[in-house]
Amino acid sequence: MSKIELRNITHIYESGGEKTQAVKDVNLTLEEGTSNALIGPSGCGKTTLLNIISGLLTPTEGKVLIDGEDVTELPPQDRDVAQVFQFPVVYDSMDVYGNLAFPLRNRDVPKEEIKERVQETAELLGLVDKLHDNPGNFGPEWSQLVSLGRGIIRHDTTALLFDEPMTDVDPGRKLTLRRRISQAQQRLKVTSLYVTHDQHEALTFADKAAVMNQGQIVQYGSPEKLYEQPVSTFVGNFIGSPGMNFIDCVATDSKLKVGSFEIPISDEIKDLLDPSWTSLQVGIRPYQIDIADEQREDKPISTTVTLTEHLGSYRIITLKLPEIDKEIKAEVPLDEQVEVGDEKFIGLNQENIRLFHEGQAIENGGE
Ligand SMILES: Nc1ncnc2c1ncn2[C@@H]1O[C@H](COP(=O)(O)OP(=O)(O)OP(=O)(O)O)[C@@H](O)[C@H]1O
Ligand SMILES: [Mg+2]
């Protein structure tokens with residue numbers, strides 16, 4: 001296990017005279033032994049970044065350090081980074097035993113030691129019963145475990161990289177594979193980076209997640225931090241299902257105005273507001289919106305219910321704020337009486353809101 005550092009990484013692809021900037025000035029440090037996720041929409045540069053870490057790509061600019069050593073120019077085989085790809089790579093000319101033993105045989109490891117290590121890896125990944133089967137006949141979740149096994153069987157693996165390994169796996173089998181990957185990571189304490197565009201997958205697997213958009217890492221932090229303190233409307237919207245609500249408002253001296261409704265603000269927040277910012281957005285998570293049947297001082301904003309969705313243990317309702325022609329989502333308990341067409345009143349409690357100016361959170365200057 002190792003510490004991985006990316007310093008000012010930029011990558012530009014050139015093909016047929018066309019240039020595509022896939023990664024822009026990325027800085028990221030993965031501490032030794034940690035489990036990390038990389039999430040972001042399709043095309044944002046996740047695979048490019050992963051391939052730069054493993055050495056399949058040399059970045060146009062910037063440096064990759066493994067334990068402080070500059071490996072930017074080193075080929076993949078000299079970095080000892082294991083990579084599990086979107087689609088499993090297994091040798092179907094060999095059985096599972098042969099697949100697992102392959103990286104060791106290549107390095108002239110003694111036969112007895114190979115046997116022990118294959119057994120140990122197979123136990124860790126639940127492959128003991130399948131050692132003499134041909135992986136060509138397996139479903140993708142087992143093939144991915146074989147690929148992972150090949151990556152971790154060497155004891156000098158510096159990092160484990162996963163590029164959307166669940167892509168081809170049946171929805172019903174995903175949980176089992178994810179659990180096995182997670183167990184292996186925890187047992188071996190290998191620094192890992194797991195790419196996905198599925199935030200649930202990312203946040204259950206990782207200690208920390210990096211959110212990427214248009215070639216840049218826009219926030220790196222714990223799942224709680226990403227959820228509670230998104231640095232931008234992009235992160236607020238991307239993390240959470242449904243994402244954070246954003247409501248346009250106007251800042252006056254000591255209040256925020258949403259349409260004709262006023263929300264008091266604390267002195268601390270007031271101090272952060274630049275008087276030249278006339279238009280702001282209030283961000284609030286659906287679970288933080290409480291609804292009431294009657295208008296009250298703390299729930300002054302009138303809304304109309306336009307949709308209710310039953311999601312197992314709670315409901316997500318869509319509320320329209322007619323005055324500013326805006327729809328937001330709120331999470332309500334199942335026993336709350338809500339029908340489409342009802343008038344409900346909401347408040348925006350300043351403890352639960354986050355303010356954004358031009359898409360960046362203002363509490364921390366959009367860092
Ligand atoms: N070999 C290539 N040549 C030219 N452009 C490329 C190449 N590979 C990727 N790109 C472009 O670089 C950008 C980033 O691609 P990348 O594959 O890293 O994204 P991604 O986040 O992994 O996407 P996905 O979620 O779809 O896998 C995209 O605009 C893509 O079209
Ligand atoms: Mg990709």
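**Strands, sheets and helix pairs**

Reply: Strand 4 is joined to strand 5 (residues 69-70) by two bridges, and the two run antiparallel. This is a predicted model.

Me: Which residue in the turn between strand 4 and strand 5 has a positive phi?
Reply: Strand 4 and strand 5 form a hairpin, with two residues between them. Across the pair, isoleucine 66 stands opposite glutamate 69 in strand 5. The turn residue with a positive phi, about 50°, is aspartate 67.

Me: Which residue in strand 4 stands opposite glutamate 5?
Reply: Strand 4 (residues 61-66) also pairs with strand 1 (residues 4-15). That pairing is antiparallel and runs over five bridges. The residue of strand 4 opposite glutamate 5 is leucine 65.

Me: How many Å apart are the C-alpha centres of domain 1 and domain 2?
Reply: The protein is divided into domain 1, residues 4-228, and domain 2, residues 245-361. The distance between their C-alpha centres is 41 Å.

Me: Which are the edge strands of the six-strand open sheet?
Reply: The strand order in this open sheet is 6-7-8-3-9-10, with mixed pairing. Each edge strand pairs on one side only. The edges are strand 6 (81-84) and strand 10 (216-221).

Me: What is the average twist from one strand to the next in the sheet 6-7-8-3-9-10?
Reply: The sheet is open and has six strands. From one strand to the next, the twist averages 20°.

Me: In strand 10, what is the bridge partner of alanine 209?
Reply: Strand 9 (residues 208-213) pairs with strand 10 in the antiparallel sense, over five bridges. The partner of alanine 209 in strand 10 is glycine 221.

Me: What angle does the direction of helix 4 make with that of strand 6?
Reply: Helix 4 (residues 140-152) packs on the sheet and touches strand 6 and strand 7 (159-163). Its direction makes an angle with that of strand 6 of about 175°.

Me: Is helix 4 roughly parallel or roughly antiparallel to helix 5?
Reply: The axes of helix 4 and helix 5 (residues 171-188) come within 10 Å and cross at roughly 10°. Angles under 35 degrees count as roughly parallel, so helix 4 is to helix 5 roughly parallel.

Me: How many residues of the contact between helix 4 and helix 5 are charged?
Reply: Helix 4 contributes Glu141, Trp142, Gln144, Leu145, Leu148 and Ile152. From helix 5 come Arg173, Leu177, Arg180, Ile181, Ala184 and Leu188. By class there are eight nonpolar residues and one polar, and the number of charged residues is three.

Me: How is the orientation of helix 2 to helix 3 classed?
Reply: Helix 2 (residues 96-105) and helix 3 (residues 111-125) pack with their axes 10 Å apart, at an angle of about 130°. That angle makes the orientation of helix 2 to helix 3 oblique.

Me: How many nonpolar residues does the contact of helix 2 with helix 3 have?
Reply: Helix 2 passes helix 3 in a right-handed crossing. The residues in contact include Tyr97, Leu100 and Leu104 of helix 2, and Ile114, Val118 and Ala122 of helix 3. One residue of the contact is polar and three are charged, while the count of nonpolar residues is seven.

Me: In strand 19, which residue is the bridge partner of alanine 292?
Reply: Five strands form an open antiparallel sheet in the order 15-19-16-17-18. Its edges are strand 15 (291-292) and strand 18 (326-333). Two bridges join strand 15 to strand 19 (residues 343-346). The partner of alanine 292 in strand 19 is phenylalanine 345.

Definitions and conventions:
Residues are numbered from 1 along each chain as its sequence is written. Chains are lettered from A and ligands numbered from 1 in the order in which they are written. This is a predicted model: local features need pLDDT of at least 70, side-chain atom pairs count only at pLDDT 80 or more; totals for chains, interfaces and linings use all residues. Side-chain values use heavy atoms; hydrogens and water are left out. Axes are lines fitted to C-alpha atoms, for helices over the stretch in contact, and angles run from 0 to 180 degrees between N-to-C directions. Helices (H or I, at least four residues) and strands (E, at least two) are DSSP runs, numbered from the N terminus. Angles under 35 degrees count as roughly parallel, over 145 as roughly antiparallel, 65 to 115 as roughly perpendicular and the rest as oblique. A crossing is left-handed if the near helix is turned anticlockwise from the far one by less than a right angle, and right-handed if clockwise. Contact means heavy atoms within 4.5 Å. Ala, Val, Leu, Ile, Met, Phe, Trp, Tyr, Cys and Pro count as nonpolar, Asp, Glu, Lys and Arg as charged, and the others, Gly among them, as polar. Domain bounds come from an automatic or database domain assignment. Two strands pair if DSSP finds at least two bridges between them.
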